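Open the model in a viewer and keep the selection panel at hand. The stops below go from the whole chain to single residues.

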Amino acid sequence: DGIGATTAGEAVGTRGGWGVDPAVREQVRRRRTFAIISHPDAGKTTLTEKLLLYAGRLDVAGMVRGRKTRRAAASDWMDLERQRGISVTSTSLAIDYRGHRINLLDTPGHQDFSEDTYRTLMAADCAVMVLDAVRGVEAQTEKLFRVCALRKIPILTFVNKMDRPGGDPLKVLGEVEEVLGIGAAPLNWPIGSGRDFRGLCDRRTRRVSIFQDGAPGSLVVPTTDGDRDDPACPLLDAGTRAALLDEIALLDGAGEPFDPGRFLRAEVTPVLFGSALTNYGVEAFLDAFLSLSPPPGPRPSDGGPVPPDRPEFSGFVFKVQGNMDSKHRDRIAFLRVCSGRFVRDMEVVNARTGEKLRMSRSHRLFAQDREAVEEAFPGDIIGLASTGQYRLGDTLYQGEPVRYEPLPQFDPEHFAVLTCRDTRRRKQFARGMEQLVEEGAIQAFSDPAEGGREQILAAVGPLQFEVVQARLESEYGVATDLEPLPYTMAHRVESEPTSLLRMPPGSLLTLDRSGRVVALFQSAFDLDAFRGRNPGVRFGSAG
Ligand code: GDP
């Protein structure tokens with residue numbers, strides 16, 4: 001894999017057509033860029049650690065310590081970085097495994113959950129959904145799944161914690177199908193569960209693998225393999241074998257065989273079982289991931305899909321991270337390479353401004369002092385220091401102009417009033433808010449009944465409020481007060497004139513930045529009441 005890729009440097013394509021660069025094509029072929037979608041505590045961090053363990057990037061000792069020192073407010077991966085001294089940016093982790101370059105994008109959960117978490121999914125080519133075998137599909141999994149479904153990216157499912165009592169594989173499959181509305185195709189099936197979870201049966205090969213006891217969780221777990229149909233197979237006692245064959249017969253009767261094409265079209269998710277903690281099933285999962293997950297593909301642009309092996313570089317900014325350190329105003333723009341080859345110092349055009357930019361020392365790369373990015377290929381993520389020249393959704397390119405599709409906005413679920421403390425700094429407040437909204441740090445609405453001294457902020461995760469307050473203070477010298485509001489949803493309302501709208505108590509009509517009317521509701525119940533009272537009204541997403 002990838003041999004000679006660094007020496008074959010010349011692009012063979014011509015300007016004007018989408019030529020092909022074989023060296024780029026080879027790099028594309030070996031790349032996998034994905035994100036893990038899961039609810040907090042389902043096992044995302046543990047599975048990530050195992051991926052590093054299998055890729056040889058993590059020693060056993062490094063794994064055992066550390067978790068206790070985890071700080072809630074920091075990104076999980078920044079902690080991984082601190083604890084293990086591995087090179088990660090706060091947004092992606094690059095791992096070489098079996099000839100592949102795997103880029104794992106961070107999707108913060110817990111208190112870090114924000115619109116950035118959703119936007120990061122825009123940079124992924126596929127997703128791994130980690131479910132807790134006992135808890136099944138949980139709230140945050142569902143939200144992240146919906147964002148993946150928008151782009152129809154393929155999703156593999158790992159049902160984790162099979163070693164915990166109370167897990168029910170059939171129930172989990174049912175929830176995936178009913179709650180998420182996607183077909184679930186188990187590729188393997190657990191043998192025993194809870195304390196009795198001891199192996200897996202591969203449905204395609206009909207092989208059973210029984211895990212050998214050893215040092216659980218620390219090493220690649222050895223297995224003993226046999227044939228599930230062999231009545232003399234010493235690995236399974238008669239009762240276990242009968243139960244397994246019954247369950248598999250049930251699965252065979254219920255669904256069609258797994259079709260990789262339907263997986264790539266996001267119509268079905270292949271499901272694998274295991275326990276990230278004990279390593280059971282992790283290797284089978286990684287094998288399935290590498291053989292099924294797609295390499296970077298063509299990406300929609302204003303001029304049609306752009307193939308990744310187009311020789312000229314292009315990419316888009318999917319996240320801009322403000323620096324919370326008041327001494328540095330720099331921000332980091334995270335760029336996903338979509339085509340061609342990125343080399344340090346190259347000159348590119350920003351499609352939004354038409355401006356030429358040199359991606360050089362002045363736009364130094366984020367991870368420079370650890371692992372400077374000299375070269376990158378489609379699927380890779382690079383961090384660029386930005387003093388404002390890169391904005392969320394920007395396309396950077398060489399050669400023929402390209403402009404990738406704009407990033408979507410996402411439905412906010414948290415609302416608060418932000419007030420400028422010192423009336424003499426209202427101008428700075430207004431300017432700061434305008435820039436932060438434009439940058440995508442937060443969404444904002446205004447209450448027509450109020451003056452410009454306050455803004456209604458709307459966020460996907462409450463951390464966004466803190467970021468906005470801190471940045472207003474450090475970058476614009478504006479102190480603010482934040483007061484949470486009880487709303488949980490925003491809907492754009494199309495109705496004229498708005499004075500005739502009958503609002504249920506506790507809901508509010510606001511205006512977005514383009515002057516469109518947006519109604520805020522506290523609950524789905526209030527939304528229904530609003531619909532009932534205003535039958536002619538049409539709705540749109542607030543984004
Ligand atoms: P995250 O919040 O999704 O990153 O979850 P973590 O990986 O931090 O795991 C949350 C908790 O579940 C930790 O205490 C883990 O040790 C535990 N855990 C993770 N995977 C497993 C598993 O397969 N079995 C069991 N029993 N516990 C697990």
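**Conventions**

This is a predicted model, in which local features need pLDDT of at least 70, side-chain atom pairs count only at pLDDT 80 or more, and totals for chains, interfaces and linings use all residues. Residues are numbered from 1 along each chain as its sequence is written.

**Stop 1: the whole chain**

Select everything and colour by secondary structure. The chain has 14 helices and 27 strands; these are DSSP runs (helices H or I, at least four residues; strands E, at least two), numbered from the N terminus. Of the 543 residues, 43% count as buried. Buried here is 20 or more other C-beta atoms within 10 Å of the residue's own, exposed is 12 or fewer, and partly exposed is in between, with C-beta atoms placed from the backbone. Among contacts with a separation of 6 or more, 69% are between residues 24 or more positions apart. Two residues are in contact if their C-beta atoms, placed from the backbone, lie within 7 Å.

**Stop 2: the ligand**

Select the ligand and its shell. The shell holds 17 residues, and the closest are Gly43, Lys44, Thr45, Thr46 and Leu277. Colour the shell by class: four residues are nonpolar, seven polar and six charged. The classes are Ala, Val, Leu, Ile, Met, Phe, Trp, Tyr, Cys and Pro as nonpolar, Asp, Glu, Lys and Arg as charged, and the others, Gly among them, as polar.

Which helix gives the most to this shell? Helix H2, residues 44-54, does, with three residues.

Next select Leu277, in the loop between strand S11 (268-273) and helix H10 (282-292). Leu277 has 19 other C-beta atoms within 10 Å and is therefore partly exposed. Draw a C-alpha to C-alpha distance from Leu277 to Thr46: the two are 231 residues apart in sequence and 6.5 Å apart in space.

**Stop 3: two loop residues with positive phi**

Move to Asp41, in the loop between strand S1 (31-38) and H2. The phi of Asp41 is near 80 degrees, a positive value in a residue other than glycine. Asp41 is partly exposed because it has 14 C-beta neighbours inside 10 Å.

Then select Lys161, in the loop between strand S5 (155-160) and helix H7 (169-180). Lys161 is also not a glycine and has a positive phi, near 65 degrees. Is Lys161 buried or exposed? Lys161 is buried, because 26 other C-beta atoms lie within 10 Å.

**Stop 4: H12 and H13**

Select residues 426-439 (helix H12) and 463-476 (helix H13). Two packed helices are described by the angle between their axes and the distance between the axes. For H12 and H13 the angle is about 125 degrees and the axes are 10 Å apart. Axes are lines fitted to C-alpha atoms, for helices over the stretch in contact, and angles run from 0 to 180 degrees between N-to-C directions.

H12 and H13 are therefore oblique to each other. Angles under 35 degrees count as roughly parallel, over 145 as roughly antiparallel, 65 to 115 as roughly perpendicular and the rest as oblique. The crossing is right-handed, a term for the near helix being turned clockwise from the far one by less than a right angle, anticlockwise being left-handed.

From H12, show Gln428, Phe429, Arg431, Gly432 and Leu436; they meet Val468, Arg471, Leu472, Glu475 and Tyr476 of H13. This contact has five nonpolar, two polar and three charged residues.

Keep Arg471 selected: with 23 C-beta neighbours inside 10 Å, Arg471 counts as buried. The C-alpha of Arg471 is 38 Å from that of Val537, at 66 residues apart in sequence.

**Stop 5**

Select Glu494, in strand S24 (residues 489-494). Glu494 is exposed because it has 11 other C-beta atoms within 10 Å. Not counting residues up to four places away in sequence, Glu494 touches Val537, Arg538 and Gly540.

Finish at Ala524 in helix H14, residues 524-533. Ala524 counts as exposed, with 10 C-beta neighbours inside 10 Å. Its C-alpha is 8.2 Å from that of Met489, 35 residues apart along the chain.

Key:
Near = placed C-beta within 6 Å.
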